[in-house]
Amino acid sequence: VAELEAARMQITAFQSESMSVAASASDAHDAQLETLAADLTAARDALTALRAESAAASENSVAELEAARMQITAFQSESMSVAASASDAHDAQLETLAADLTAARDALTALRAESAAASENSVAELEAA
């Protein structure tokens with residue numbers, strides 16, 4: 001019974017730690033997405049400003065506007081790539097945590113079965129004595 005209680009305490013501590021890791025991973029992922037959203041908003045604002053400048057000075061700024069568009073496209077592509085890799089990493093962390101929780105649940109189930117068998121054996125031994 002003491003071993004079962006110790007195992008339960010370990011599993012509870014592990015589950016608490018796993019949930020904490022999952023929450024911090026989620027918070028970090030959310031912070032990355034917020035940063036990327038702010039970067040994309042800044043890029044859109046820059047594009048809007050460039051379009052306004054282009055309208056005012058279209059004859060002289062065609063080449064400059066094209067270069068700016070290429071920079072913004074490259075920035076957006078890089079931002080999307082970073083967002084995708086951050087999301088993939090977050091998904092991998094969540095999958096690992098889910099596997100860890102499943103293993104902990106399986107261990108608890110095995111310990112419960114073991115405890116029940118030990119209790120039955122103890123009762124049988126007590127009756128035999």
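Trainee: Is Glu114 buried or exposed?
Mentor: The model is predicted, so local features need pLDDT of at least 70 and side-chain atom pairs count only at pLDDT 80 or more, while totals for chains, interfaces and linings use all residues. Residues are numbered from 1 along each chain as its sequence is written, and side-chain values use heavy atoms, with hydrogens and water left out. Buried means under 20% relative accessible area, exposed over 50%, and partly exposed in between (1.4 Å probe, protein chains only). Because Glu114 has a relative accessible area of 53%, its class is exposed.

Trainee: In which helix is Glu114, and how far apart in space are Glu114 and Leu4, C-alpha to C-alpha?
Mentor: Helices (H or I, at least four residues) and strands (E, at least two) are DSSP runs, numbered from the N terminus. On that basis Glu114 is placed in helix H2. Glu114 and Leu4 are 110 residues apart in sequence, and their C-alpha to C-alpha distance in space is 8.8 Å.

Trainee: How many helices and strands does the protein chain have, and what is its radius of gyration?
Mentor: The protein chain has 2 helices and 0 strands. The radius of gyration is taken over C-alpha atoms, and the globule rule is 2.2 Å times the number of residues to the power 0.38. For 129 residues that rule gives 14 Å, and the chain is well over this, so it is more spread out than a compact globule, with a radius of gyration of 29 Å.

Trainee: What does the C-alpha trace of the protein chain span along its principal axes, and what percentage of the residues count as buried?
Mentor: Along its principal axes, the C-alpha trace spans about 105 × 15 × 15 Å. Of the 129 residues in the protein chain, the share that count as buried is 18%.

Trainee: Which residues does Ser18 touch, not counting residues up to four places away in sequence?
Mentor: Ser18 lies in helix H1, which covers residues 2-56. With a relative accessible area of 6%, Ser18 is buried. Contact means heavy atoms within 4.5 Å. By that criterion, the residues touched by Ser18 are Leu97 and Leu101.

Trainee: With which residues is Leu101 in contact, leaving aside its neighbours within four places in sequence?
Mentor: Leu101 has its place in helix H2. Its relative accessibility is 17%, so Leu101 counts as buried. The contacts of Leu101 beyond those neighbours are Phe14, Gln15 and Ser18.

Trainee: How far apart in space are Leu94 and Met19, C-alpha to C-alpha?
Mentor: Leu94 is found in helix H2, residues 58-128. Because its relative accessible area is 35%, Leu94 is partly exposed. Leu94 and Met19 are 75 residues apart in sequence, and the C-alpha to C-alpha distance is 9.8 Å.

Trainee: What percentage of the contacts in the protein chain with a separation of 6 or more do residues 24 or more positions apart account for?
Mentor: The count concerns contacts in the protein chain with a separation of 6 or more. Residues 24 or more positions apart account for 85%.

Trainee: With which residue does Glu5 form a salt bridge?
Mentor: A salt bridge is a side-chain nitrogen of Lys or Arg within 4 Å of a carboxyl oxygen of Asp or Glu, and a search of the whole structure finds 1 salt bridge. Side chains of opposite charge can pair when their charged atoms come close. Both partners lie in helix H1, 3 residues apart, about one turn of the helix. The closest N and O atoms are 3.9 Å apart, and the partner of Glu5 is Arg8.

Trainee: Why do Glu5 and Arg8 count as partly exposed?
Mentor: Glu5 is partly exposed because its relative accessible area is 40%. Arg8 also counts as partly exposed, because its relative accessibility is 33%.
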